[in-house]
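Visitor: Hi, I have a structure open and some quick questions. Can you walk me through it?
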Amino acid sequence: MNRAQIVNAALALGLVGFGLGAWAMGEIFLVTLATKVAILAIAGAGLNLVLGFGGLVSFGHAAYFGLGGYTAGILAHHALNYTPMFEWPFLFEGTTSMPVIWITAMILGALAAAMIGALSLRTAGVYFIMITLAFGQMIFYFAISWPAYGGEDGLPIYVRNGFPGLNTLDPVQFFGLVCAVLFAVLALIAILVRSRFGLALQAARQNRQRLMAVGIRPGGVLLVAFVISGAITALAGALYADLNRFVSPSMLSWHLSGELLVFLILGGTGRLFAPLAGAGLYITLEHLLGGVSDHWQLFFGLLLLGVVLFARGGVIGFLAEGKRHG
């Protein structure tokens with residue numbers, strides 16, 4: 001194993017070991033904290049596919065995260081209140097089944113990403129950043145003005161949705177389920193990156209003209225990556241809704257999109273385990289420094305500044321290479 005693989009393995013084992021160790025000591029809050037890290041790492045992995053490997057700086061990925069959350073919340077809301085979502089062309093009363101919710105969330109996230117990506121990819125650079133932000137804010141304000149599902153107050157999920165064979169209300173079982181989803185997503189991205197599609201995606205990031213010269217349309221490759229990214233991020237949103245048993249428009253806010261970008265910068269964009277490293281560091285600092293000062297973001301900002309200036313490969317790049325990565 002090379003140093004990068006050792007760092008990746010240490011991160012995976014550290015997450016699992018921390019969660020199980022906290023459970024063994026009866027620290028349920030820390031188990032929940034580890035679960036939150038894993039969920040945000042899934043969302044970051046979705047963004048990493050288009051940012052780290054495709055070079056697309058999306059500032060609207062909270063839209064897909066929130067869509068996944070609202071999918072879980074709305075489906076559970078109707079199922080628990082015994083009110084049908086619709087009666088035509090067939091009766092559908094919602095569901096509390098996680099697999100069904102996940103599939104639905106991923107489909108909706110993929111469809112939203114396909115529509116937004118088809119328009120956004122006509123632009124580039126700062127214009128692409130701003131148009132993804134604009135689409136994200138459109139969905140955010142739509143959620144605020146949707147009184148049927150809580151509007152600005154959000155929508156509670158009184159009972160955590162179920163998964164066959166597991167008691168999802170048990171924090172450690174839910175943590176194990178989320179970790180399994182995280183590692184499955186990372187494995188999928190690793191396969192994609194090493195495939196012909198992944199090579200074309202990275203070529204589109206480096207030089208679109210050369211990719212066109214060999215007969216591959218970079219727009220199509222980037223759009224497919226954008227759609228897959230939206231589906232993964234929506235899956236994370238559905239899990240996050242179940243973790244909190246609550247969804248609100250804050251899941252669609254541009255602040256969350258910014259946090260996902262920060263995770264990747266901290267971990268090291270374009271590195272498979274960067275979302276896990278970044279999310280773990282961010283949540284840890286929030287937990288430790290948040291109890292010391294209300295202005296903990298100041299210290300976090302200094303850390304982020306140091307990473308940008310002296311470890312541009314992020315935490316993983318610094319640990320794996322021991323030098324500045326340009």
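Visitor: Let's start with H78. Is H78 buried or exposed?
Guide: H78 is buried, with a relative accessible area of 8%. Buried means under 20% relative accessible area, exposed means over 50%, and partly exposed is in between (1.4 Å probe, protein chains only). This is a predicted model: local features need pLDDT of at least 70, side-chain atom pairs count only at pLDDT 80 or more, and totals for chains, interfaces and linings use all residues. Residues are numbered from 1 along each chain as its sequence is written, and side-chain values use heavy atoms, with hydrogens and water left out.

Visitor: Where does H78 lie, and what is H78 in contact with?
Guide: H78 lies in helix α3, residues 62-81. Helices (H or I, at least four residues) and strands (E, at least two) are DSSP runs, numbered from the N terminus. Leaving aside neighbours within four places in sequence, H78 is in contact with T83, P84, M85, E93, G94 and Y149. Contact means heavy atoms within 4.5 Å.

Visitor: Switching to rings. How many aromatic pairs are there?
Guide: The structure holds 13 aromatic pairs. One of them is F86 with F92, which is stacked: 5.6 Å centre to centre, 25° between the planes. Rings of Phe, Tyr and Trp (its six-membered ring) pair if their centres lie within 6.5 Å; planes under 30 degrees apart count as stacked, over 60 as edge-to-face, and the rest as tilted.

Visitor: What kind of pair do Y282 and W296 form?
Guide: Edge-to-face, at 5.7 Å centre to centre with 70° between the planes. The pair links distant parts of the chain, 14 residues apart: Y282 is in helix α11 (residues 274-290) and W296 is in helix α12 (residues 296-310). Y282 counts as buried at 10% relative accessibility, and W296 counts as buried at 8%.

Visitor: Which residues do ring pairs link into a cluster?
Guide: F263, Y282, W296 and F300.

Visitor: Back to α11. How many residues, and how far does α11 reach?
Guide: α11 has 17 residues and reaches 23 Å from its first C-alpha to its last, close to the 24 Å expected. The expected span is 1.5 Å times one less than the number of residues.

Visitor: What do the buried residues of α11 pack against?
Guide: They pack against α1 (3-24), α2 (28-51), α6 (171-194), α10 (254-267), α12 and α13 (314-321). The buried residues of α11 include A274, G278, Y282 and L285.

Visitor: Last one. What lies over the face of F174?
Guide: R160, at 4.4 Å from the ring centre. A charge sits over a ring if NZ of Lys or CZ of Arg is within 6 Å of the ring centre and within 35 degrees of the ring normal.
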